[in-house]
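Let's take a look at a structure together.

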Amino acid sequence: MFNFPISQCLRKPRFIFLLGCLVFSLPLAAEKYYQWEPRDFAIEKPLGGLKGNLVRGRKLVAQRDKGNCLACHAMPIKEEAFHGTVGPPLHDIGSRLTAGQLRFRIVNQAGINPLTVMPVFYRNPINVNRISDEYIGKTILTAQEVEDVVTYLMTLKQEVSR
Amino acid sequence: MTLVRTIVIRAMWATGLLLLFSITLAQEPKSGYEYLTASTREMQDDEFSNPGMKAVEDGRKWFYDKGVNGKTCADCHGKEGSQFNKRALANYPIYNQEFNKPFTLQEQINYCWEEHLDNVPFVYDCVDLVELETYVRYLARDEKVNVDVTGKLKPFYEKGKHLYNTRFGQINMSCASCHDQYAGKKLRGQVLSQGQSNGYPAYRLGSGKVTSLHGRFTECFTSFRAEPFDRGSPEFINLELYLNARGNSLTIETPAIRY
């Protein structure tokens with residue numbers, strides 16, 4: 001059964017190299033990725049069963065290196081100037097969509113509209129084309145951050161005239 | 001009843017035609033100049049206030065710089081490039097028979113620099129070479145971009161087009177995502193342009209530097225959180241070919257001012 005005794009393997013440079021790769025890639029996989037499954041264009045269960053935080057979510061949507069939702073969407077956040085006009089305004093998004101639908105749109109908007117410009121905020125990191133070294137194995141938002149944003153967006157129920 | 005039906009059908013036709021018309025309008029190339037504010041346009045048009053002219057001046061010095069064999073660019077191309085066929089300068093990248101690939105303006109300059117002046121060639125896209133490129137392209141200012149991609153360049157053009165439409169990086173965007181679909185919309189405070197290349201190398205208000213096209217590609221890739229291709233790599237050269245051909249009929253504005 002054992003065609004490759006360990007002592008023989010260790011003499012092979014290729015094996016040592018692969019072992020080294022495995023050891024050094026361990027810290028990269030430190031961030032836990034939770035699998036998700038959409039049903040009817042919604043993910044009803046919170047990612048990893050985590051609970052979102054409203055205050056953190058409000059901060060994340062404006063943060064340029066995190067959600068940066070304001071780059072494309074107008075939102076009721078008065079202290080930030082220059083809201084984008086690429087996507088639809090989100091003032092009443094909480095009354096238009098359920099939490100599950102919102103979660104799916106944040107996690108994988110491309111699953112609804114393949115031509116969308118909206119980033120896929122929580123995709124399996126192994127499916128990224130030419131990711132730069134800095135971000136290998138990472139999602140744009142962590143599972144906790146996705147939940148924070150969902151919690152914040154669900155509070156947006158402002159009436160808007162269209 | 002029939003009257004109502006006729007009206008409805010006519011309205012549908014009108015909407016369809018309008019939609020078709022707006023799509024054709026959207027594909028008309030539009031220079032980045034048209035997305036600038038009035039004061040920035042003024043700054044670009046006035047050569048004394050255009051900071052990009054510094055690179056033109058530095059490039060001019062290289063143009064009169066003696067090579068190892070004592071020749072200068074001006075010996076062949078004339079004082080102030082008077083012997084240049086300005087219209088041909090707007091044709092780059094062109095097909096190069098010897099190397100069987102598209103040749104960018106920078107590559108052509110570097111080729112001359114090595115072959116005819118006996119110099120050590122520049123590293124692709126280094127500051128000095130970009131200055132020289134800026135100067136040469138400045139000489140062709142107001143010429144209409146005219147890249148012919150019907151012949152041997154066709155496969156390279158198609159590759160460039162493919163790259164333009166490919167999504168990259170953690171942010172997962174392609175060039176087309178923004179510049180084809182959302183030109184004119186606002187990304188935070190910044191208006192998205194069509195991403196035309198006619199003003200490059202351009203002076204960037206954000207960084208305060210003259211940036212080449214490949215430098216700009218690198219910036220875009222970095223903002224996608226993707227690993228950029230090397231400057232002067234076949235991928236970026238194909239992309240440059242596609243972009244320049246996409247902007248055919250626009251006038252060269254080098255050194256333009258861009259955000």
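## Terms and model

Two residues count as in contact if their C-beta atoms, placed from the backbone, lie within 7 Å. This is a predicted model: local features need pLDDT of at least 70, side-chain atom pairs count only at pLDDT 80 or more, and totals for chains, interfaces and linings use all residues. Residues are numbered from 1 along each chain as its sequence is written, while chains are lettered from A and ligands numbered from 1 in the order in which they are written.

The model's scores are ipTM 0.78 and pTM 0.84.

Chain B has eleven helices and seven strands (DSSP runs numbered from the N terminus: H or I of at least four residues for helices, E of at least two for strands). Of its 259 residues, 37% are buried. Buried means that 20 or more other C-beta atoms lie within 10 Å of a residue's own, exposed means 12 or fewer, and partly exposed is in between, with C-beta atoms placed from the backbone.

## Helix α8 of chain B

Which residues of α8 (residues 154-164) are buried? They're B:F156, B:Y157 and B:G160. Because they cover an arc of only 100° around the axis, they sit on the same side of α8(B); the arc is that of the directions from the helix axis to the C-beta atoms. B:K154 and B:P155, on the other side of α8(B), are exposed. The cover over the buried residues includes β2 (101-103) and α11 (234-246) of chain B.

## Where the chains touch

Here, 17 residues of chain A are in contact with 19 residues of chain B.
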